[in-house]
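Please keep the sequence and the structure open beside them while you read.

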Amino acid sequence: MCVKFKILLHICVLFIGYAMPLDLHLDKCKLEDSACMIKAFQNAIPTFTNGIPELGVEVMDVMEFDDTVKFDIAGFSLSFANGRLKGLKNIVINTVKWDISNKTLYLEYTAPSFALSGKYVADGRILILPITGDGDMKLKIKNMNVKVLLSLDMNKKSNKTYASIKNYQFDFNVEGGARYNLTNLFNGNKELSDAVLTFMNTNWKDITHEFGRPILDSAAKKIFKNVDRFLANAPLEDISLSYK
(Lines give C-alpha, C1' and ligand atoms only; values in the text may rest on other atoms or scores of the structure.)
Protein backbone atom coordinates (compact mmCIF):
# COMPACT_ATOMS: atom_id res chain seq x y z
CA MET A 1 0.00 0.00 0.00
CA CYS A 2 1.50 3.35 -1.01
CA VAL A 3 2.16 6.04 1.57
CA LYS A 4 -0.30 8.48 -0.01
CA PHE A 5 -3.13 5.93 0.17
CA LYS A 6 -2.36 5.21 3.82
CA ILE A 7 -2.56 8.91 4.63
CA LEU A 8 -5.84 9.24 2.72
CA LEU A 9 -7.30 6.22 4.50
CA HIS A 10 -6.32 7.66 7.90
CA ILE A 11 -7.96 10.99 7.08
CA CYS A 12 -11.15 9.21 6.00
CA VAL A 13 -11.29 7.20 9.23
CA LEU A 14 -10.88 10.36 11.30
CA PHE A 15 -13.54 12.17 9.30
CA ILE A 16 -16.05 9.33 9.60
CA GLY A 17 -15.36 9.04 13.34
CA TYR A 18 -16.12 12.69 13.95
CA ALA A 19 -18.97 12.97 11.45
CA MET A 20 -20.99 10.04 12.82
CA PRO A 21 -23.17 10.86 15.87
CA LEU A 22 -21.75 9.49 19.08
CA ASP A 23 -23.97 6.81 20.66
CA LEU A 24 -23.83 7.37 24.42
CA HIS A 25 -26.60 4.82 25.09
CA LEU A 26 -28.60 7.44 27.01
CA ASP A 27 -32.19 6.78 28.04
CA LYS A 28 -34.61 9.03 26.14
CA CYS A 29 -37.46 10.68 28.03
CA LYS A 30 -39.94 13.47 27.67
CA LEU A 31 -38.16 16.30 29.47
CA GLU A 32 -41.17 16.93 31.70
CA ASP A 33 -41.36 13.25 32.78
CA SER A 34 -39.55 13.54 36.12
CA ALA A 35 -39.56 9.84 36.97
CA CYS A 36 -38.03 8.90 33.63
CA MET A 37 -35.52 11.77 33.84
CA ILE A 38 -34.31 10.70 37.30
CA LYS A 39 -33.54 7.23 35.92
CA ALA A 40 -31.93 8.66 32.77
CA PHE A 41 -29.71 11.06 34.72
CA GLN A 42 -28.69 8.30 37.14
CA ASN A 43 -27.77 5.95 34.29
CA ALA A 44 -25.74 8.68 32.59
CA ILE A 45 -23.55 9.42 35.63
CA PRO A 46 -20.89 6.73 34.91
CA THR A 47 -20.52 7.84 31.28
CA PHE A 48 -20.27 11.50 32.19
CA THR A 49 -17.88 11.14 35.14
CA ASN A 50 -15.55 8.89 33.13
CA GLY A 51 -15.19 11.69 30.60
CA ILE A 52 -16.30 11.88 26.96
CA PRO A 53 -13.19 13.07 25.07
CA GLU A 54 -15.08 13.05 21.74
CA LEU A 55 -17.26 15.85 23.12
CA GLY A 56 -14.56 17.64 25.09
CA VAL A 57 -15.99 16.43 28.42
CA GLU A 58 -13.20 15.97 30.95
CA VAL A 59 -12.91 13.21 33.53
CA MET A 60 -15.06 14.24 36.48
CA ASP A 61 -14.05 11.54 38.94
CA VAL A 62 -11.38 12.11 40.08
CA MET A 63 -11.94 15.78 39.17
CA GLU A 64 -8.98 18.17 39.09
CA PHE A 65 -9.77 21.81 39.87
CA ASP A 66 -8.97 24.31 37.13
CA ASP A 67 -7.97 27.18 39.41
CA THR A 68 -6.54 27.97 42.81
CA VAL A 69 -9.35 28.83 45.24
CA LYS A 70 -8.74 31.96 47.31
CA PHE A 71 -11.03 33.60 49.83
CA ASP A 72 -11.08 35.77 52.94
CA ILE A 73 -14.16 35.27 55.10
CA ALA A 74 -14.74 36.57 58.62
CA GLY A 75 -11.03 37.05 59.29
CA PHE A 76 -9.99 33.68 57.85
CA SER A 77 -8.01 33.60 54.59
CA LEU A 78 -7.34 30.44 52.61
CA SER A 79 -5.57 29.58 49.38
CA PHE A 80 -6.32 26.08 48.07
CA ALA A 81 -4.32 24.79 45.07
CA ASN A 82 -4.05 21.54 43.09
CA GLY A 83 -7.50 20.56 44.26
CA ARG A 84 -8.85 17.07 43.54
CA LEU A 85 -12.39 15.87 44.24
CA LYS A 86 -13.42 12.21 44.34
CA GLY A 87 -16.94 10.86 44.63
CA LEU A 88 -19.08 12.34 41.84
CA LYS A 89 -19.55 8.95 40.19
CA ASN A 90 -21.45 7.74 43.26
CA ILE A 91 -24.01 10.53 43.51
CA VAL A 92 -27.68 9.56 43.78
CA ILE A 93 -30.17 11.61 41.75
CA ASN A 94 -33.27 12.41 43.84
CA THR A 95 -35.15 15.00 41.79
CA VAL A 96 -35.15 16.21 38.17
CA LYS A 97 -37.60 18.89 37.03
CA TRP A 98 -37.13 20.32 33.53
CA ASP A 99 -39.48 23.26 32.93
CA ILE A 100 -39.63 23.71 29.16
CA SER A 101 -41.70 26.91 29.21
CA ASN A 102 -39.50 28.69 31.79
CA LYS A 103 -36.26 27.15 30.46
CA THR A 104 -35.08 25.90 33.84
CA LEU A 105 -33.73 22.61 35.13
CA TYR A 106 -33.93 21.81 38.84
CA LEU A 107 -31.90 18.97 40.35
CA GLU A 108 -31.47 17.45 43.77
CA TYR A 109 -28.83 14.82 44.45
CA THR A 110 -27.03 13.18 47.35
CA ALA A 111 -23.31 12.47 47.45
CA PRO A 112 -22.71 9.55 49.84
CA SER A 113 -19.07 10.56 50.17
CA PHE A 114 -16.72 13.22 48.83
CA ALA A 115 -12.95 13.20 49.31
CA LEU A 116 -11.20 16.52 48.72
CA SER A 117 -7.44 17.02 48.70
CA GLY A 118 -4.96 19.71 47.75
CA LYS A 119 -2.36 22.19 48.96
CA TYR A 120 -3.43 24.94 51.35
CA VAL A 121 -2.11 28.17 52.84
CA ALA A 122 -4.19 29.48 55.75
CA ASP A 123 -4.04 32.42 58.13
CA GLY A 124 -6.38 34.19 60.54
CA ARG A 125 -9.09 32.87 62.80
CA ILE A 126 -11.47 30.01 62.13
CA LEU A 127 -14.56 30.76 64.21
CA ILE A 128 -12.85 31.54 67.56
CA LEU A 129 -9.41 29.92 67.17
CA PRO A 130 -6.30 31.39 65.50
CA ILE A 131 -4.89 29.29 62.66
CA THR A 132 -1.86 29.46 60.40
CA GLY A 133 -0.35 26.81 58.17
CA ASP A 134 1.01 25.78 54.79
CA GLY A 135 0.78 22.13 53.73
CA ASP A 136 -1.57 19.37 52.58
CA MET A 137 -5.29 19.45 53.20
CA LYS A 138 -7.67 16.50 53.10
CA LEU A 139 -11.38 16.66 53.74
CA LYS A 140 -13.85 13.78 53.82
CA ILE A 141 -17.57 14.55 53.67
CA LYS A 142 -20.44 12.12 54.21
CA ASN A 143 -23.97 12.46 52.85
CA MET A 144 -23.99 15.88 51.20
CA ASN A 145 -27.35 16.95 49.77
CA VAL A 146 -27.15 19.40 46.86
CA LYS A 147 -29.89 21.45 45.19
CA VAL A 148 -29.19 23.04 41.81
CA LEU A 149 -31.24 25.40 39.62
CA LEU A 150 -30.03 25.91 36.05
CA SER A 151 -31.33 28.68 33.80
CA LEU A 152 -31.08 27.61 30.17
CA ASP A 153 -30.90 29.16 26.74
CA MET A 154 -32.28 27.32 23.69
CA ASN A 155 -30.58 27.75 20.34
CA LYS A 156 -31.36 26.42 16.87
CA LYS A 157 -28.56 25.18 14.64
CA SER A 158 -28.98 23.17 11.43
CA ASN A 159 -32.62 22.48 12.36
CA LYS A 160 -31.58 21.06 15.73
CA THR A 161 -32.26 22.46 19.23
CA TYR A 162 -29.38 22.88 21.66
CA ALA A 163 -29.60 23.84 25.34
CA SER A 164 -26.88 25.86 27.06
CA ILE A 165 -26.45 26.96 30.65
CA LYS A 166 -27.07 30.69 31.11
CA ASN A 167 -26.46 30.68 34.88
CA TYR A 168 -26.86 28.45 37.89
CA GLN A 169 -27.54 28.56 41.61
CA PHE A 170 -26.88 25.85 44.16
CA ASP A 171 -27.21 25.15 47.85
CA PHE A 172 -25.84 22.29 49.93
CA ASN A 173 -26.26 20.66 53.30
CA VAL A 174 -23.93 18.11 54.89
CA GLU A 175 -25.75 15.57 57.07
CA GLY A 176 -23.26 12.77 57.67
CA GLY A 177 -20.28 14.70 58.99
CA ALA A 178 -16.98 16.08 57.74
CA ARG A 179 -13.44 15.32 58.83
CA TYR A 180 -10.51 17.70 58.26
CA ASN A 181 -6.82 16.85 58.17
CA LEU A 182 -4.25 19.62 57.60
CA THR A 183 -0.52 19.08 57.79
CA ASN A 184 2.06 21.62 58.93
CA LEU A 185 -0.23 23.75 61.02
CA PHE A 186 1.68 26.27 63.16
CA ASN A 187 4.97 25.20 61.50
CA GLY A 188 4.47 21.64 62.68
CA ASN A 189 3.68 22.38 66.34
CA LYS A 190 1.84 19.18 67.28
CA GLU A 191 0.10 20.48 70.37
CA LEU A 192 -1.38 23.50 68.62
CA SER A 193 -2.15 21.45 65.47
CA ASP A 194 -4.01 18.77 67.42
CA ALA A 195 -6.02 21.40 69.29
CA VAL A 196 -7.13 23.14 66.07
CA LEU A 197 -7.95 19.90 64.23
CA THR A 198 -9.98 18.65 67.20
CA PHE A 199 -11.87 21.93 67.22
CA MET A 200 -12.48 21.81 63.46
CA ASN A 201 -13.70 18.21 63.52
CA THR A 202 -15.93 18.85 66.53
CA ASN A 203 -17.46 21.92 64.87
CA TRP A 204 -17.44 20.50 61.34
CA LYS A 205 -21.00 21.59 60.55
CA ASP A 206 -20.47 25.30 61.24
CA ILE A 207 -17.05 25.32 59.53
CA THR A 208 -18.27 23.48 56.43
CA HIS A 209 -21.32 25.73 56.13
CA GLU A 210 -19.37 28.98 56.55
CA PHE A 211 -16.19 28.22 54.62
CA GLY A 212 -17.10 25.38 52.25
CA ARG A 213 -18.96 27.35 49.59
CA PRO A 214 -15.92 28.94 47.81
CA ILE A 215 -14.37 25.51 47.26
CA LEU A 216 -17.68 24.02 46.12
CA ASP A 217 -18.15 27.04 43.83
CA SER A 218 -14.92 26.09 42.07
CA ALA A 219 -16.07 22.47 41.72
CA ALA A 220 -19.49 23.55 40.42
CA LYS A 221 -17.87 25.86 37.87
CA LYS A 222 -15.94 22.95 36.38
CA ILE A 223 -18.88 20.53 36.48
CA PHE A 224 -21.22 22.90 34.65
CA LYS A 225 -18.52 23.89 32.15
CA ASN A 226 -18.39 20.24 31.13
CA VAL A 227 -22.19 19.85 31.16
CA ASP A 228 -22.29 22.79 28.76
CA ARG A 229 -19.74 21.09 26.50
CA PHE A 230 -21.93 17.99 26.42
CA LEU A 231 -25.09 19.98 25.64
CA ALA A 232 -23.32 21.85 22.83
CA ASN A 233 -22.85 18.51 21.07
CA ALA A 234 -26.13 16.82 22.02
CA PRO A 235 -29.21 18.25 20.29
CA LEU A 236 -32.39 17.72 22.26
CA GLU A 237 -33.91 15.93 19.28
CA ASP A 238 -31.27 13.20 19.76
CA ILE A 239 -31.39 12.83 23.55
CA SER A 240 -35.04 13.44 24.42
CA LEU A 241 -38.58 12.62 23.26
CA SER A 242 -39.82 16.21 23.70
CA TYR A 243 -38.17 17.49 20.54
CA LYS A 244 -38.56 15.96 17.09
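1. Is Lys222 buried or exposed? Bear in mind that what you are looking at is a predicted model. With a relative accessible area of 6%, Lys222 is buried, since anything under 20% is counted in that class.

2. The side chain of Lys222 forms a salt bridge with that of Asp66, with 3.1 Å from N to O. This pair joins distant parts of the chain, for Lys222 sits in helix H5 (residues 213–232), while Asp66 sits in the loop between strand E1 (63–64) and strand E2 (69–73), 156 residues apart. Asp66 has a relative accessibility of 42% and therefore counts as partly exposed, whereas Lys222 is buried.

3. Which residues belong to the network of salt bridges that includes Lys222 and Asp66? The network links Glu58, Asp66, Lys222, Lys225 and Arg229. In general, side chains of opposite charge can pair when their charged atoms come close. For the model as a whole, the count comes to 13 salt bridges.

4. A second pair to examine is Lys166 with Asp153, whose closest N and O atoms are 4.0 Å apart in a salt bridge. Because Lys166 lies in strand E7 (residues 160–174) and Asp153 lies in strand E6 (residues 129–157), the pair ties together parts that are 13 residues apart in sequence. Lys166 counts as exposed, at 53% relative accessibility, and Asp153 counts as partly exposed, at 30%.

5. Strand E6 also holds Lys156, which is paired with Glu237 of helix H6 (residues 236–239), so that distant parts of the chain, 81 residues apart, are linked. Glu237 is buried, its relative accessibility being 12%, while Lys156 is exposed, with a value of 63%.

6. In soluble globular proteins, nonpolar side chains tend to be buried together. The largest nonpolar core of this model has 68 residues, and the members that touch the most others are Phe65, Met144 and Met200. What does Met144 touch, once residues up to four places away in sequence are not counted? The contacts of Met144 are Tyr109, Thr110, Ala111, Phe114, Phe172, Asn173, Val174 and Leu216.

Conventions
Residues are numbered from 1 along each chain as its sequence is written. This is a predicted model: local features need pLDDT of at least 70, side-chain atom pairs count only at pLDDT 80 or more; totals for chains, interfaces and linings use all residues. Side-chain values use heavy atoms; hydrogens and water are left out. Helices (H or I, at least four residues) and strands (E, at least two) are DSSP runs, numbered from the N terminus. Buried means under 20% relative accessible area, exposed over 50%, partly exposed in between (1.4 Å probe, protein chains only). A nonpolar core is a set of buried Ala, Val, Leu, Ile, Met, Phe, Trp, Tyr and Cys residues joined through side-chain atoms within 4.5 Å. Contact means heavy atoms within 4.5 Å.
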